[in-house]
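Colleague: I have a model open on my screen and would like to learn how to read it. Could you walk me through a few features?

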Amino acid sequence: MTPPFSDILVRRLARARRVAVLTGAGISAESGIATFRDPGGIWEKFSPEELANVRAFLRNPELVQGWYAHRRRLVEQAVPNPGHEALAALERMVPDFTLITQNVDGLHQRAGSRGVVELHGNLTRSYCIDCRRLATAEDLDALAEGVPARCPDCGGLIRPDVVWFGEYLPVAAFEAAEAAARRAEVFLSIGTSAVVYPAAGLPLLAREHGAYVAEVNLTPSAIAGYVDEVVEGAAGAVLPRLVQAVRAASRETTPASGVQNGRKEA
Ligand code: OAD
């Protein structure tokens with residue numbers, strides 16, 4: 001079966017020493033976690049105005065905490081899929097590899113990716129809005145009794161460690177993401193609609209700085225017209241094939257094959 005990606009992408013990845021990847025909700029869709037903007041997605045069923053901004057939280061902390069507790073349970077029950085696993089494998093093949101994610105589900109880490117740059121936080125962490133102390137599972141248990149969860153030290157409300165609408169991205173994470181995009185030789189944008197900035201600007205920044213940019217998506221995203229290659233397909237199916245092809249291509253081009261018979265390849 002013809003692969004959905006080009007030989008150019010495979011060869012560039014096999015040669016690259018610096019690779020950056022941006023992922024969005026689409027990579028976790030095959031783990032059963034709903035995306036935001038697809039039919040049946042999170043923002044079709046719930047309103048961001050009521051749930052994902054600080055005003056909504058202060059107005060009704062119990063509702064917002066309850067919604068995140070529900071999402072946390074879904075994430076805990078989910079398992080990483082072959083797409084997450086393929087990216088963890090690719091990381092082990094590339095000397096300078098940065099995985100940047102907009103996802104808050106921690107599935108990349110559970111698949112074995114290291115040093116993941118989380119642009120929008122992680123819903124498995126929560127903290128006190130007053131003293132910033134990280135919350136424990138016991139601190140969150142108050143919710144079960146029908147009252148908002150509060151910090152045992154100072155009584156402040158506990159919020160999930162995610163970026164809400166109107167909030168800034170964590171500065172260190174965004175700087176690391178921009179730096180990785182600037183130095184990448186290949187940049188992959190995977191499972192994101194690429195409509196939420198500044199994250200959506202990273203593939204374009206990488207391209208401006210000379211990277212070969214490819215996106216992997218079920219359907220072309222908002223930036224599809226600005227990238228070098230659009231790979232249409234499910235991340236969980238495309239990425240394992242891509243990594244397998246890169247591994248095969250790397251074997252063909254490693255210096256070891258060039259020193260056979262004691263002669264170096266020209
Ligand atoms: P979206 O829901 O906007 O987009 C999901 C993308 O994944 C779409 O382009 C789908 O076509 C694609 N997709 C779905 N299933 C796929 C699959 N199996 N394989 C490949 N692609 C697939 O999600 P994001 O782009 O991640 O922000 O959304 C960006 C941000 O908007 C989120 O981080 C969140 C949201 O508001 C915050 O919460 C701050």
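Colleague: What volume does the largest cavity have?

Modeller: Rolling a probe the size of a water molecule over the atoms shows where empty space is left. On a 1 Å grid over the protein atoms alone, a cavity is a set of points where a 1.4 Å probe fits but cannot get out. The volume is the space filled by probe spheres set on those points, which are joined across faces, edges and corners. Here the largest cavity comes to about 50 Å³, and the search of the whole structure finds 1 cavity of 30 Å³ or more. Please keep in mind that this is a predicted model, where local features need pLDDT of at least 70, side-chain atom pairs count only at pLDDT 80 or more, and totals for chains, interfaces and linings use all residues. Residues are numbered from 1 along each chain as its sequence is written, and side-chain values use heavy atoms, with hydrogens and water left out.

Colleague: Which residues line the largest cavity?

Modeller: A lining residue has an atom within 4 Å of a cavity point. In this model the lining consists of Q65, Y68, R72, S126, L140, L143, I158, R159 and P160. At least two of the lining residues come from α6 (61–77), and at least two from β5 (158–162); such helices (H or I, at least four residues) and strands (E, at least two) are DSSP runs, numbered from the N terminus. By type, the lining has 5 nonpolar, 2 polar and 2 charged residues. In that scheme Ala, Val, Leu, Ile, Met, Phe, Trp, Tyr, Cys and Pro are nonpolar, Asp, Glu, Lys and Arg are charged, and the others, Gly among them, are polar.

Colleague: How many salt bridges does the structure hold?

Modeller: The test is a side-chain nitrogen of Lys or Arg within 4 Å of a carboxyl oxygen of Asp or Glu. The structure holds 9 of them. In one, D96 and R183 meet at 2.8 Å, N to O. D96 is in strand β2 (residues 96–101) and R183 in helix α10 (residues 171–183), so this pair ties together parts 87 residues apart in sequence. R125 and D161 form another, with their closest N and O atoms 2.9 Å apart. This pair also links distant parts of the chain, from strand β4 (residues 121–128) to strand β5, 36 residues apart.

Colleague: And what separates R182 and E178 in helix α10?

Modeller: About one helical turn, because they are 4 residues apart in that helix. Their side chains meet in a salt bridge at 3.9 Å, N to O. Elsewhere, salt bridges that share partners join E118, R125 and D161 into one network.

Colleague: Is N122 buried or exposed?

Modeller: Buried means under 20% relative accessible area, exposed over 50%, and partly exposed in between (1.4 Å probe, protein chains only). N122, in strand β4, counts as buried at 5%. Contact means heavy atoms within 4.5 Å; beyond its neighbours within four places in sequence, N122 touches V104, G106, Q109, D161 and V162.

Note on methods:
On a 1 Å grid over the protein atoms alone, a cavity is a set of points where a 1.4 Å probe fits but cannot get out, and a pocket is an open set with protein on both sides within 12 Å along at least five of seven lines; lining residues have an atom within 4 Å of a point.
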